[in-house]
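Please open the model in a viewer and keep the selection panel at hand. The stops below are given in the order in which they may be selected.

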Amino acid sequence: MTRAFNFCAGPAALPTTVLERAQQEMADWHGKGLSIMEMSHRSKEFVSVAEKAEQDLRDLMQIPGNYKVLFMQGGASSQFAMIPMNLLRGKSKADYINTGQWSKKAIAEAKRYCDVNIAATAEGSGFCSAPAQNELNLSADAAYVHYCPNETIGGVKFDYIPETGDVPLVADFSSSILSEEVDVSKFGMIYAGAQKNIGPAGLCVVIIREDLLGEAIDGTPTMFSYKVAADNASMYNTPPSYSWYLAGLVFEWLKEQGGVAAMAEINQRKAKKLYDYIDGSGFYANPVAKNNRSIMNVPFTLKDDALDKTFLAESEAAGLLNLAGHRSVGGMRASIYNAVPEAGVDALIEFMAEFAEKNS
Ligand code: PMP
């Protein structure tokens, strides 16, 4: 088996050992004579897999007891609508911080349900920074404040958690969950599509404070109610059971690596190496303010964009996959999630240096 280094933004790299274990257990899970995919989601076997995954996530993120963990469907994009539906709780306004493309999508969806106050926008910096706390124009009557701590496309990361007083803070952690330690108690709700740092697509993890449940607006579809999901242990209907199982294997793997703190140390080191190389190269560039650089998604441009196609073809031939930037911005992007090993970043830097030398 040859495994390339995969820098895809999502669906993204998964740990090889997780894939190997899934392969071993595929046709006959724990001697039961069937695969996880073929099992009733109500069987004691699957329920034990589901509960263990939740407990491992709780341990990894030190999720307080007054938070529910939901395993939902419809990707992070469905949350853009479910958030106003469930969290307006009789109010008519929500605050949103705009730091790029995923913020904008969340804002567009929220506008279908409420008045959106843009508490701050990074548009002035070309979405190359995140607004500081003292630039946030928060409303006292907002139902919640929404932001995206790590913009996957722009590679922009908040270097602080916004202080919102009594107004619940809601965060789209799709591309940075489990990459660094986070104090969950500072949030009303955290959500993340699974296909980056959690597991395969098809699952979206929601971590929500219990007191925010139960006041969904009239007409909220049953499947979109956090309370229904919570009351039914995320099994009101048939959940994406195989994705849930694989997420559980990834959580076990993270624990074996030493947990989130140990992962964060590696992630910081991987990101620093790559940014240091880019900054010193004179050939590549990253436009993001230094204190807001993502440690998960590293966009970069080449000195001459006429070389982009060659760079992508040669990197792919060298076993470095999916380095094209998002289709909306072009350039390059290396997503270096938890499952991308440090050796992958080393190989990328080596390739970039050779490419720069050849083409300077
Ligand atoms: N938010 C962020 C920060 C993302 O990176 C993405 C996907 N790249 C989404 C939301 C949308 O996720 P999904 O495709 O699961 O709906």
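**First stop: asparagine 197**

Select asparagine 197 together with Ser176, Ile177, Leu178, Ser179, Val250, Met296, Tyr337 and Asn338: these are the residues in contact with asparagine 197 once neighbours within four places in sequence are set aside, contact meaning heavy atoms within 4.5 Å. The model is predicted, so local features need pLDDT of at least 70 and side-chain atom pairs count only at pLDDT 80 or more, while totals for chains, interfaces and linings use all residues. Residues are numbered from 1 along each chain as its sequence is written, and side-chain values use heavy atoms, with hydrogens and water left out.

Asparagine 197 is found in the loop between strand 9 (189-193) and strand 10 (204-209); helices (H or I, at least four residues) and strands (E, at least two) are DSSP runs numbered from the N terminus. Is asparagine 197 buried or exposed? Asparagine 197 counts as buried because its relative accessibility is 4%, where buried means under 20% relative accessible area, exposed over 50% and partly exposed in between (1.4 Å probe, protein chains only).

Next, display the side chain of asparagine 197. The backbone oxygen of isoleucine 177 is reached by this side chain at 3.0 Å, and the backbone nitrogen of asparagine 338 is likewise reached at 3.0 Å.

**Second stop: the two domains**

Colour domain 1 (16-256) and domain 2 (259-359) separately, as given by the domain assignment of the chain; such bounds come from an automatic or database assignment. Their contact takes 25 residues from domain 1 and 25 residues from domain 2. The C-alpha centres of the two domains lie 27 Å apart.

Between them, domain 1 and domain 2 bury about 2,100 Å², of which 55% is on carbon and sulfur atoms; buried area is the accessible area (1.4 Å probe) that two parts lose on being put together, summed over both. On the side of domain 1 that touches domain 2, strand 7 (156-157) and helix 6 (241-256) are the elements giving two or more residues. Helix 6 gives the largest share, three residues.

Move to the loop between helix 1 (16-25) and helix 2 (44-61), where alanine 27 lies. Alanine 27 is exposed, because its relative accessible area is 59%. Leaving aside neighbours within four places in sequence, Gly33, Leu34 and Ser35 are in contact with alanine 27.

Methods:
Polar contact = N/O pair within 3.5 Å; in protein donor to acceptor, adjacent residues only side chain to side chain.
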